Amino acid sequence: MQPVSTQTWSNGRHPVRCVKVIAETHDVRTFCFSADQPMLFFFKPGQFVTLELEINGEPVMRSYTISSAPSVPYSFSLTIKRVPGGKVSNWLHDHLKEGDTLAVHGPVGNFNAMDFPAEKVLFLSGGVGITPVMSMARWFFDTNGNVDMVFVHSARTPKDIIFHRELRHMASRISNFKLHLICERYEIGETWAGYRGYLSQAMLELIAPDYQEREVFCCGPTPYMKAVKHLLQTNGFDLNRYHEEAFGPTPADIQEEVREQNSEALALDAQPSEEHCKIEFSESGKSVAIAPSETIHSAAAKLGLHIPKACGMGICGTCKVLKKSGEVEMEHNGGITDEDLAEGYILSCCSKPLTDVVVEF
């Protein structure tokens with residue numbers, strides 16, 4: 001037999017092949033990926049990747065949470081819901097098939113079970129927000145982790161419960177995994193004996209009376225996460241032990257902050273040019289002066305340079321570039337590793353110049 005050279009996944013761009021497509025529900029599919037050459041896809045349960053796609057001749061970047069666990073290391077899976085009008089999710093459901101190849105960036109993300117170890121955890125999820133907490137639960141299950149888990153998932157109807165059979169299997173196998181499912185409603189022909197409605201304080205106290213002692217991981221639609229956080233905050237929960245997946249549609253408060261920063265940028269543009277910083281892109285030989293409130297990414301855009309970007313909030317890591325000189329202020333949300341920082345990389349979408357800067361692009 002020939003020796004096998006196995007590589008280890010690291011944050012960056014990697015070609016992968018779709019090896020399996022699984023229908024989870026009527027509008028949710030799991031896409032399984034592996035590399036042509038043996039590769040260990042190790043990541044922190046709860047992290048996500050960014051897909052590099054071409055749709056109708058246009059490059060598109062979109063980030064999705066990994067639903068599998070690193071305990072199954074030679075592949076990884078993304079569980080994606082078809083969204084009405086969703087350009088990328090609909091394309092993936094309609095066109096991505098076994099054997100297709102694409103590029104993936106990552107893994108990245110601060111929302112994970114390894115950086116916040118605890119003996120007792122409470123997983124709260126709504127809809128397709130189940131994916132990162134499922135990755136965490138699978139990891140603890142596969143590795144026989146000594147972690148007391150309470151898993152609470154909310155869905156519209158019983159047929160919308162993602163990973164239903166697997167969740168029940170996990171609950172039947174180990175005593176430290178308690179499963180509680182909540183359905184908003186059930187339809188004609190369906191039977192449902194579980195919780196109905198929306199997660200409430202009364203439900204939470206029945207499900208996890210010791211929730212104050214647990215590390216909480218929450219993911220779901222923005223209204224769901226806001227409601228959960230408000231419920232916990234109202235009851236004096238220590239929010240240092242509350243973690244939510246920030247990736248998704250730009251929250252309203254972030255949008256407002258962006259509008260305020262844009263207004264500030266317009267005002268600063270009217271100031272004398274000596275207050276601006278020169279941003280040079282070494283590979284293209286182009287440069288531009290920008291205000292201190294503008295980002296490196298916006299500087300590139302002014303020059304017609306396209307640095308790939310997906311989230312715009314320093315989460316996905318897609319817009320990573322190498323800073324060759326100068327200083328920046330970067331307010332990211334987990335989209336870059338300490339190793340990348342040490343090597344001089346920055347996220348262009350959330351890096352603002354403190355001095356003149358030279359970027360390799």
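**Chatting through the fold**

Colleague: Leaving aside neighbours within four places in sequence, which residues is Glu215 in contact with?
Modeller: Once neighbours within four places in sequence are set aside, Glu215 is in contact with Phe116, Ala118, Lys120, Val121, Leu122, Asn240, Arg241 and His243. Contact here means heavy atoms within 4.5 Å. One caution: this is a predicted model, where local features need pLDDT of at least 70 and side-chain atom pairs count only at pLDDT 80 or more, while totals for chains, interfaces and linings use all residues. Residues are numbered from 1 along each chain as its sequence is written, and side-chain values use heavy atoms, with hydrogens and water left out.

Colleague: OK, and where does Glu215 lie?
Modeller: In strand β13. Strands (E, at least two residues) and helices (H or I, at least four) are DSSP runs, numbered from the N terminus.

Colleague: Does Glu215 count as buried or exposed?
Modeller: Glu215 counts as buried because its relative accessibility is 10%. The cut-offs are under 20% relative accessible area for buried, over 50% for exposed, and partly exposed in between (1.4 Å probe, protein chains only).

Colleague: Zooming out, how many helices and strands does the chain have?
Modeller: Eight helices and 21 strands. The chain's radius of gyration is 22 Å, close to the 21 Å from the globule rule for 361 residues, so the chain is as compact as a globular protein of that length. That radius is taken over C-alpha atoms, and the rule is 2.2 Å times the number of residues to the power 0.38.

Colleague: What percentage of the 361 residues is buried?
Modeller: It's 48%. Also, among contacts with a separation of 6 or more, 69% come from residues 24 or more positions apart.

Colleague: Switching to cores, which residues have the most contacts inside the largest nonpolar core?
Modeller: Phe123, Ile130, Met149, Phe151, Leu167 and Phe177, in a core of 30 residues. A nonpolar core is a set of buried Ala, Val, Leu, Ile, Met, Phe, Trp, Tyr and Cys residues joined through side-chain atoms within 4.5 Å. The elements giving two or more residues to this core are β9 (120–126), α2 (130–142), β10 (148–155), α3 (164–173), β11 (177–183) and β13 (215–219).

Colleague: Which element gives the most to this core?
Modeller: That's α2, with eight residues. There's also a second, separate core of 24 residues, which includes Leu53, Val60, Leu78 and Leu96.

Colleague: Back to Ile130: what is it in contact with, leaving aside neighbours within four places in sequence?
Modeller: Ser125, Phe151, His153, Ile162, Phe163 and Leu167.

Colleague: And which residues of helix α1 are buried?
Modeller: Helix α1 (residues 87–95) has Val88, Ser89, Asn90, Leu92 and His93 as its buried residues. They pack against β3, β5, β6 and β7 (76–81).

Colleague: Now Asp27, where's its place?
Modeller: In the loop between β2 (12–25) and β3 (28–34). Asp27 counts as buried, at 17% relative accessibility. Apart from neighbours within four places in sequence, Asp27 is in contact with Ile80, Lys81, Arg82, His93 and Asp160. His93 is also one of the buried residues of α1.

Colleague: What about phi, what value does Asn56 have?
Modeller: Asn56 has a positive phi of about 55 degrees although it is not a glycine. Its place is the loop between β5 (48–55) and β6 (58–65), and Asn56 is exposed, with a relative accessible area of 75%.

Colleague: And where is Asn144?
Modeller: In the loop between α2 and β10. Asn144 has phi near 55 degrees, a positive value in a residue other than glycine. Asn144 is exposed, with a relative accessible area of 66%.
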